[in-house]
Each structure stands twice: as C-alpha cells, then as structure tokens.
Amino acid sequence: MPVINVEDLTDKDKAVMEVTQLKNEVKLERWLTSKCCEEIKEYIQAGVEEDTLVKGISEEKNPFKEKGGCVIC
C-alpha cells in the first residue's frame, strides 16, 4: 500500500478519504461494552490454570533464578 502524504492532498481529496473511512466504520459490527467485558472475563478465568502471570513460574522452570550467591571476601 503506497504511503500518502496528507499535506499534499487537496481539500476535496481529504474529504473523500474521510467519507471513505466513515463508510468503512459504519459497516463495523458494534458490541455492548458490558457484553465484551463479560466475554473477556470468562476467557481469562478459563485460562487461569496455565497463566504464569497468575500462578507464577515454578523454581525448576525459572530461567532467571539465581544459580548461586555472590561471595565477597
């Protein structure tokens, strides 16, 4: 897709682009926020057992655990 410099367009071209964008947005299916939130909540709760952000990483699988302490004599 070619890059369009909006500053080089005429006012008519800008208006045509805006109308085209608005026509595309009108075609989008709209959902209620409450319905979307419920679906997201259900999705998160369904995967909570595998979610490392919720469960954490087990010590044996943690690649960032400290291998040993630093000793200064």
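**Terms and their grounds**

Modeller: E39 and K35 both belong to helix α2, 4 residues apart, about one turn of the helix. The model is a predicted one, in which local features need pLDDT of at least 70 and side-chain atom pairs count only at pLDDT 80 or more, while totals for chains, interfaces and linings use all residues. Residues are numbered from 1 along each chain as its sequence is written, and side-chain values use heavy atoms, with hydrogens and water left out.

Biologist: What makes the contact of E39 and K35 a salt bridge?

Modeller: The term requires a side-chain nitrogen of Lys or Arg within 4 Å of a carboxyl oxygen of Asp or Glu. The side chains of E39 and K35 meet at 4.0 Å, N to O. By this rule the count comes to 1 salt bridge.

Biologist: Why is K35 called partly exposed?

Modeller: Buried means under 20% relative accessible area, exposed means over 50%, and partly exposed lies in between, with a 1.4 Å probe and protein chains only. K35 has 45% relative accessibility, so it counts as partly exposed. E39, at 37%, is partly exposed.

Biologist: Why is P63 called exposed?

Modeller: P63 has 56% relative accessibility and therefore counts as exposed. P63 is found in the segment after α3 (52-55). Its C-alpha atom is separated by 50 Å from that of T20, 43 residues apart along the chain.

Biologist: What makes the nonpolar surface patch?

Modeller: I40, Y43 and I44 make this patch of about 360 Å². Patches are made of residues with over 30% relative accessible area and no salt bridge; like charges are joined within 9 Å, and nonpolar side chains (Val, Leu, Ile, Met, Phe, Trp, Tyr) within 5 Å. The areas come from the Shrake-Rupley method with a 1.4 Å probe, and for residues only the protein chains shown count as cover. I44 has 47% relative accessibility, so it counts as partly exposed. I44 lies in helix α2 (residues 33-46).

Biologist: How many helices and strands does the protein have?

Modeller: There are 3 helices and 0 strands; helices (H or I, at least four residues) and strands (E, at least two) are DSSP runs, numbered from the N terminus.

Biologist: Why is the protein called more spread out than a compact globule?

Modeller: Its radius of gyration is 26 Å, well over the 11 Å that the globule rule gives for 73 residues, so the protein is more spread out than a compact globule. The radius is taken over C-alpha atoms, and the rule is 2.2 Å times the number of residues to the power 0.38.
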